[in-house]
Number of protein chains: 2
Amino acid sequence: MDLSEFFPMWNKLTDTERKTLADSAYCRTFSKGDTLHRGGTECTGLVLVKSGQLRAYTTSQDGKEITLYRLFERDMCLLSASCMMKGIQFSVTLTAEKDTEALVIPAEIYKSVMKESAPLANFTNEVIASRLTETMWLIEQIMWKSFDRRLAAFLAEESAIENGNVLKITHEIIGNHLGSPREVVTRMLKYFADEGLVRLSRGTIEILDEEALRTLADK
Amino acid sequence: MDLSEFFPMWNKLTDTERKTLADSAYCRTFSKGDTLHRGGTECTGLVLVKSGQLRAYTTSQDGKEITLYRLFERDMCLLSASCMMKGIQFSVTLTAEKDTEALVIPAEIYKSVMKESAPLANFTNEVIASRLTETMWLIEQIMWKSFDRRLAAFLAEESAIENGNVLKITHEIIGNHLGSPREVVTRMLKYFADEGLVRLSRGTIEILDEEALRTLADK
């Protein structure tokens, strides 16, 4: 997978710009559980996901978590290069949810090309705008959706990501995604189990009625 | 106030680009309470605030509200031109909190200049990044801060915006800013009054101890 697959406007860059980006990019692998980036001060560089899965989340002072968004194959993480952008300043952590292969472009290099290239700057605009959309969507979810609907949406999404109906995930990790205590997750999952939506066993959640979960999520 | 005051990189645009933007811009005034923009489908254009105050907020199906951010003099509202950006898609409403004078640049014109101009695209990047920062900050507030601290922060901020310690604001409107029911606001304000932080009377809240409010807010 080369850089052109990440940048739809690759052929609108000049030869020099393409060469500058390509020469600077290097491969990095992250194991499941690795933290790539923490807080607003580091500057890991622009991370392009070749394979695997990353999770961006924010934490409270006492260690609670809520997932902001996830990045999959072909996604680009601006967060890890946030130092290159004026106006961005937040304390988001980025960890690998699966073993991940990535290309990294140093933030300074990316910034220098973007400064001169309208196509690259416009593409970057679109990526930031997508993250803004996801973040605003999350606010609506947190504010207006009851927990049963958020949990149903999460289980349906996980099932789609994993491409299967048996999820290996603990109640605590679900709580970290949704910003809720483990006990609240456990209680709601038991309710879902009673309703025949899922079957619970140690360390796994089997989805029995995905359609009902989706219906509940979309309510 | 002309366009150069809104765009710090104005002198990096070409003469043609400057002329295109300036010729297309027109003045609009909004009265307090007017809705400038609603949802993701309209395309009001890029709104530049000359004077006044705008509020961007999201609403639930049953009409509850929470403020996402506010725009003041010299701020630029991308939301109202969200149609010009791929990847942006959200249902945010924009209303005037004070009588507001604005310059509007049609979205299509702005987009066409930005497409060719790296300086304008990079500046736009910074503006979107600021909004993303504000939105992520809001998530942290909602998730991890107790309501007393959020209310204290809101009162201190209002006092700074209004440049005075007597706020003419109803409990219901505060609730709409913070995404909370009026009763919850009233209860906490009464607690603040008992603690000597504020004095309540019909339609106004007088801030008695701003320092204590700020200390509480920063906890």
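**Exercise 1. Determine how many residues of domain 1 of chain A are in contact with domain 2 of chain A.**

Step 1. Five residues of domain 1 of chain A are in contact with five residues of domain 2 of chain A; two residues are in contact if their C-beta atoms, placed from the backbone, lie within 7 Å.

Step 2. The model is predicted: local features need pLDDT of at least 70, side-chain atom pairs count only at pLDDT 80 or more, and totals for chains, interfaces and linings use all residues. Residues are numbered from 1 along each chain as its sequence is written, while chains are lettered from A and ligands numbered from 1 in the order in which they are written.

Step 3. Domain 1 of chain A covers 3-143 and domain 2 covers 146-218, with bounds that come from an automatic or database domain assignment. Taken over C-alpha atoms, the centres of the two domains of chain A are 28 Å apart.

Step 4. On the side of domain 1 of chain A that touches domain 2 of chain A, β4(A) gives the most, with three residues. Helices (H or I, at least four residues) and strands (E, at least two) are DSSP runs, numbered from the N terminus.

Step 5. By class, this side of domain 1 of chain A has one nonpolar, two polar and two charged residues. Ala, Val, Leu, Ile, Met, Phe, Trp, Tyr, Cys and Pro count as nonpolar, Asp, Glu, Lys and Arg as charged, and the others, Gly among them, as polar.

**Exercise 2. Describe how helix α5 of chain A packs against α4(A) and against α6(A).**

Step 1. Helix α4 (residues 147-162) and helix α5 (residues 171-178) of chain A pack at an angle of about 110°, and their axes are 11 Å apart. Axes are lines fitted to C-alpha atoms, for helices over the stretch in contact, and angles run from 0 to 180 degrees between N-to-C directions.

Step 2. The two helices α4(A) and α5(A) are therefore roughly perpendicular; angles under 35 degrees count as roughly parallel, over 145 as roughly antiparallel, 65 to 115 as roughly perpendicular and the rest as oblique.

Step 3. From α4(A), R150(A), L151(A) and F154(A) meet I174(A), H177(A) and L178(A) of α5(A). This contact of α4(A) with α5(A) has four nonpolar, one polar and one charged residues.

Step 4. The axes of α5(A) and helix α6 (residues 182-194) of chain A come within 8 Å and cross at roughly 110°. This makes α5(A) roughly perpendicular to α6(A).

Step 5. H171(A), E172(A), I174(A) and G175(A) of α5(A) meet R182(A), V185(A), T186(A) and L189(A) of α6(A). Here, in the contact of α5(A) with α6(A), the classes are three nonpolar, three polar and two charged residues.

**Exercise 3. Which strands of chain B form the three-stranded open sheet, and in what order?**

Step 1. The order is β9-β11-β10 in chain B, with antiparallel pairing. Two strands pair if DSSP finds at least two bridges between them.

Step 2. β9 and β10 of chain B stand at the edges with a single partner strand each, so one side of each has no neighbour in the sheet. Direction ignored, neighbouring strands of this sheet are turned by 20° against each other on average.

Step 3. β9 (residues 166-168) and β11 (residues 204-207) of chain B pair over three bridges, and V166(B) has E206(B) as its bridge partner.

Step 4. Four bridges join β10 (residues 198-201) of chain B to β11(B). The bridge partner of L200(B) is I205(B), and that of S201(B) is T204(B).

Step 5. β10(B) and β11(B) form a hairpin with two residues between them, and G203(B) in the turn has a positive phi of about 80°.

**Exercise 4. Which rotation superposes chain A on chain B, and how many residues does the contact take from each chain?**

Step 1. A rotation of 180° with 0.0 Å of shift along its axis superposes chain A on chain B, with an RMSD of 0.0 Å. This is the relation of a two-fold axis. Copies are superposed by least squares on the C-alpha atoms of residues with pLDDT of at least 70 in both.

Step 2. The contact takes 38 residues from chain A and 38 residues from chain B. The largest share of the side of chain A that touches chain B, 21 residues, comes from α3(A).
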